[in-house]
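Q: I am new to this structure and would like to know what the words used for it mean. Please show it to me, and then we can go through it together.

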Amino acid sequence: MSTLPGFLSVRVLRGINLVSRDAKGSDPYVVLNLDGQKLKTGVMKKTVNPIWNEDLTLAVLDAAAPIKLEVFDKDTFSKDDEMGDAEFDIEALMQIIKMDLEDIRSGTVVRTVRPGKNSCLADESHIIWENGQVVQDLLLKLRNVETGVVHLQLKWVNIPG
């Protein structure tokens, strides 16, 4: 099975206890950056616990390249406020994708990635074989702010042929 090139489907599920940037509550949105690609979620109004549940798809040319996530507070009359950032990579996910998992029962945890010293992982991240797909759930602790976690779910999409 060819693993590159391909696409990474990133489901931005939710934000947890994000920092408040406005008196009446923040209006957060997420931006993903990879190799010059920049994708955004919609804006969630007046909340520090947004539920986006949005799929963003990135073309991956280099599996070792870090993916940057930024959270902003949408402002109408001034520059959007930063609400934190994080980085993650998909190297562990790519290692699992190269394996033949067809005989494994759906729902099996294939690998657990533990937070490291320089990692933005807020907790262990499980890579699971689910319904014929490799899926990774991530909780990312935001940097450069007092509080905030973003929950993502990653899926690899091969290019046929």
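A: Let us start with strands and helices: these are DSSP runs, numbered from the N terminus, with at least four residues of H or I for a helix and at least two of E for a strand. By that rule, N53 has its place in strand β4. This is a predicted model, in which local features need pLDDT of at least 70, side-chain atom pairs count only at pLDDT 80 or more, and totals for chains, interfaces and linings use all residues. Residues are numbered from 1 along each chain as its sequence is written, and side-chain values use heavy atoms, with hydrogens and water left out.

Q: What makes N53 partly exposed, and what is its phi?
A: Buried means under 20% relative accessible area, exposed means over 50%, and partly exposed lies in between (1.4 Å probe, protein chains only). N53 has 48% relative accessibility, so it counts as partly exposed. Its phi is positive, about 50°, although N53 is not a glycine. D35, also not a glycine, has a positive phi near 45°, and D35 is found in the loop between β2 and β3 (37–40).

Q: Why is the pair of Y29 and F72 called stacked?
A: Rings of Phe, Tyr and Trp (its six-membered ring) pair if their centres lie within 6.5 Å; planes under 30 degrees apart count as stacked, over 60 as edge-to-face and the rest as tilted. The ring centres of Y29 and F72 are 5.7 Å apart and their planes stand at 25°, so both values pass and the pair is stacked. The structure holds one aromatic pair. It links distant parts of the chain, with Y29 in strand β2 (residues 28–34) and F72 in strand β5 (residues 67–73), 43 residues apart.

Q: What makes D55 and R11 a salt bridge?
A: A salt bridge needs a side-chain nitrogen of Lys or Arg within 4 Å of a carboxyl oxygen of Asp or Glu. For D55 and R11, the closest N and O atoms are 2.8 Å apart, and the pair qualifies. D55 lies in strand β4 (residues 51–60) and R11 in strand β1 (residues 6–16), so the bridge ties together parts that are 44 residues apart in sequence. D55 is partly exposed at 42% relative accessibility, and R11 is partly exposed at 28%.

Q: How many salt bridges does a search of the whole structure find?
A: Five. Another of them joins D85 and R143, where the closest N and O atoms are 2.8 Å apart. This pair also links distant parts of the chain: D85 in strand β6 and R143 in the loop between β9 and β10 (149–158), 58 residues apart. D85 is buried at 11%, whereas R143 is partly exposed at 32%.

Q: How do you know that the side chains of D80 and K74 meet in a salt bridge?
A: Their N to O distance is 3.9 Å, which passes the test. D80 has 16% relative accessibility, so it counts as buried. K74 has 39% and counts as partly exposed.
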